[in-house]
Amino acid sequence: MHWEAATRYPQIADKTGRQRFDNIKLFLHFNDNSKAKKPGEQGFNKLYKIRPVLGHIRSKFLEVTPEEHHSIDEQLIPFKGRSNLRQYLPKKPTKWGIKVFTRAGVSGFVHDFEVYQEKGTLVEDDIEPDLGVGGNIVLRLIRPCQKK
């Protein structure tokens, strides 16, 4: 979309050609594919390939001084491509996308997030009681807010 006339983004389109961008995207890796667990194996993670990037972004969000009031909600990142993370939520304005649970301040700034992975969202070493996927995600998102 960065190179199309209607949605052209000059900061990218003027610096990098589309073919070069596609080549970079093809060979860009953030984790060793040979160490990835197969579906059904203990420790399988659908986000394994981008886990280092997500971890880095999340750690930077957590460094920001939190606001006094927070809200936890789900967001849908619009996505129409092929992915086993893609969700269909008919009541949302954007119906197809990747569901992310977020903890945001009153300003709208996201202080923490967790990508929904269906059964993979459950963490086996969770110390919380089993409150279901949504309940456990809420507890994990507020854990950094607890006073020490």
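## Overall layout

The chain's secondary structure comes to 4 helices and 4 strands. Helices (H or I, at least four residues) and strands (E, at least two) are DSSP runs, numbered from the N terminus. Along the sequence the pattern reads α-α-α-β-β-β-β-α. The C-alpha trace spans about 50 × 40 × 35 Å along its principal axes.

This is a predicted model, in which local features need pLDDT of at least 70 and side-chain atom pairs count only at pLDDT 80 or more, while totals for chains, interfaces and linings use all residues. Residues are numbered from 1 along each chain as its sequence is written, and side-chain values use heavy atoms, with hydrogens and water left out.

Of the chain's 148 residues, 22% count as buried. Buried means under 20% relative accessible area, exposed over 50%, and partly exposed in between (1.4 Å probe, protein chains only).

Two strands pair if DSSP finds at least two bridges between them.

F101 has E114 of strand 4 as its bridge partner. T102 stands opposite F113 in strand 4. The hairpin of these two strands has 4 residues between them, and G108 takes a positive phi near 100 degrees there.

How many residues of strand 3 are buried? The count is 9 of the 10, so strand 3 is largely enclosed by the rest of the structure. Strand 4 is mostly covered, with 6 of its 6 residues buried.

## Aromatic pairs

Rings of Phe, Tyr and Trp (its six-membered ring) pair if their centres lie within 6.5 Å; planes under 30 degrees apart count as stacked, over 60 as edge-to-face and the rest as tilted. The count by this rule is 5 aromatic pairs. One of them joins F61 and F109: the ring centres are 5.7 Å apart and the planes stand at 65 degrees, so the pair is edge-to-face. F61 is partly exposed, with a relative accessible area of 26%. F109 is partly exposed too, at 34%.

F101 and Y116 form another edge-to-face pair, 6.1 Å centre to centre, with 70 degrees between the planes. Here too the pair links distant parts of the chain: F101 is in strand 3, Y116 is in the loop between strand 4 and helix 4 (132-142), and 15 residues separate them. Both F101 and Y116 are buried. Elsewhere, ring pairs link F61, F109 and F113 into a cluster.

## Charges over rings

A charge sits over a ring if NZ of Lys or CZ of Arg is within 6 Å of the ring centre and within 35 degrees of the ring normal. Which ring lies under the charged end of R86? The ring is that of W96, with its centre 4.1 Å away. The charged end of K99 sits over the ring of Y116, 4.5 Å from its centre.

## The second largest pocket

Rolling a probe the size of a water molecule over the atoms shows where empty space is left. A pocket is an open set of points on a 1 Å grid over the protein atoms alone, where a 1.4 Å probe fits, with protein on both sides within 12 Å along at least five of seven lines; lining residues have an atom within 4 Å of a point. The second largest pocket holds about 500 Å³ of space; a volume is the space filled by probe spheres set on the points.

Its lining residues are F21, I24, K25, L28, H29, F30, K49, I50 and F79. By class, this lining has 6 nonpolar, 1 polar and 2 charged residues. Ala, Val, Leu, Ile, Met, Phe, Trp, Tyr, Cys and Pro count as nonpolar, Asp, Glu, Lys and Arg as charged, and the others, Gly among them, as polar.

## The T16 loop

T16 is in the loop between helix 1 (10-13) and helix 2 (18-27). T16 is partly exposed, with a relative accessible area of 22%. T16 and D32 are 16 residues apart along the chain, and their C-alpha atoms are separated by 27 Å.
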